[in-house]
Amino acid sequence: MTVENDINEYLKTSYLGKNFKWFDRISSTNDYLKEEAQNLCDGYCVATTEQFAGKGRRGHTWISSKGQIVAFSFLLNNSFHVNLPPITLMCGLAVTKALNNLTQKKFQIKWPNDVVYQGKKICGILCESKIDRKNCFSVCGIGINLLQTEDFFKESNLAHGTSLLMINGSSPAKEQVVAEVLNQFELIYESLKIGDDASINNFLNEYQNNCVTINKDVKIIKTDSEIYGKALKINRDGSLCVESDGKLIDVMASEASVRGVMGYL
Ligand code: BTN
């Protein structure tokens, strides 16, 4: 059996992941899709358990131990829809719902798109888009910790990291994890593409109900300043509405990172 066959066993999508390529090892699944996008079809997915140049948000590298994670990216052609919440938030909700389904545990989103369990991060998401005269696509990249132990996170100085093994005592097969995220994402994306108020409000409610940041006292870290306040809600454009000193501030994910006042959450 190949990984491709195994993924198909779990996929319930109509196009996402139907074309799938597995790499034993690759620099970055996001970079691969960005380079090859023009030759690949909508929903194409690449995955691996070893990235040697994995990329994180804000130009960071994404450190992952060989064979203990699953890293995958999928391509969305013509992915620019006015007035929809950002795709990266859709990915956060899709991963949260997928992990909840697979483990019966309660994972949550730390705005905008880290997925956490009891305060520790299990998944990172990096969505990258290209729009110019020749291209119009997004690449959604997701890395999920499967098999790392507590010692790995201690030794790597990643105090707030966790894995499915640590949470669940075992990890579902990587193929099942990837397929369930794709199943959940396609449902969310297709319902949002309708673009009516009901589907957008439905998404925002579901996101907020699963978001650990809402109603928390937070510290907003910008390049040149820090703001303390209380996170109230997610706006339609995906920004976080924070009350600070009696004023409402809308924080865009691209311009700031958010911490709890006591630490990571
Ligand atoms: C973060 O938490 O900073 C985001 C991490 C995103 C990692 C994923 S793994 C699959 C895809 N390929 C990459 O190079 N990065 C993303």
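In the predicted model described here, K34 is partly exposed, with a relative accessible area of 30%, where buried means under 20% relative accessible area, exposed means over 50% and partly exposed lies in between, as computed with a 1.4 Å probe on protein chains only. This residue belongs to helix α2, which covers residues 29-36; helices (H or I, at least four residues) and strands (E, at least two) are DSSP runs numbered from the N terminus. When residues up to four places away in sequence are not counted, K34 touches K55, E128, F137 and V139, a contact being defined by heavy atoms within 4.5 Å. The C-alpha atoms of K34 and N101, by comparison, are separated by 30 Å, the two residues being 67 residues apart along the chain.

Because the model is predicted, local features need a pLDDT of at least 70 and side-chain atom pairs count only at pLDDT 80 or more, whereas totals for chains, interfaces and linings use all residues. Residues are numbered from 1 along each chain as its sequence is written, and side-chain values use heavy atoms, with hydrogens and water left out. Confidence is lowest in strand β12 (residues 257-260), where the mean is 82, and highest in strand β2 (residues 45-48), where it reaches 98.

The protein chain contains seven helices and twelve strands. Its radius of gyration is 18 Å, close to the 18 Å that the globule rule gives for 265 residues, so the chain is as compact as a globular protein of that length; the radius is taken over C-alpha atoms, and the rule is 2.2 Å times the number of residues to the power 0.38. The C-alpha trace spans about 60 × 45 × 35 Å along its principal axes. Of the 265 residues in the protein chain, 52% are buried, and among contacts between residues at least 6 apart in sequence, 64% join residues at least 24 apart. The chain exposes about 12,600 Å², of which carbon and sulfur atoms supply 46%, the accessible areas coming from the Shrake-Rupley method with a 1.4 Å probe and, for residues, with only the protein chains shown counted as cover. The mean positions of the 29 positive and 30 negative charges are 3 Å apart; Lys and Arg count as positive and Asp and Glu as negative, while His and the chain ends are not counted, and the place of a charge is taken as NZ of Lys, CZ of Arg, CG of Asp or CD of Glu.

Several backbone features were then examined. Most residues other than glycine have a negative phi, and most peptide bonds are trans. A cis peptide bond joins W111 and P112, with omega at about 0°, and P112 has its place in the loop between β4 (108-110) and β5 (114-117). In the loop between β5 and β6 (120-131) lies Q118, whose phi is positive, near 45°, and which is exposed at a relative accessible area of 68%. A positive phi, near 70°, also occurs at N215, a residue of the loop between α7 (197-209) and β8 (217-221) that counts as exposed at 53% relative accessibility.

Beyond residues up to four places away in sequence, the contacts of G229 are with K216, D217, V218, V242, E243 and S244. A C-alpha separation of 26 Å is found between G229 and K106, which are 123 residues apart along the chain, whereas the C-alpha atoms of G229 and K247, 18 residues apart, are separated by 9.3 Å. S239 and Q184 are 22 Å apart, C-alpha to C-alpha, and 55 residues apart in sequence.

Notes: pLDDT is the predictor's confidence in each residue, from 0 to 100.
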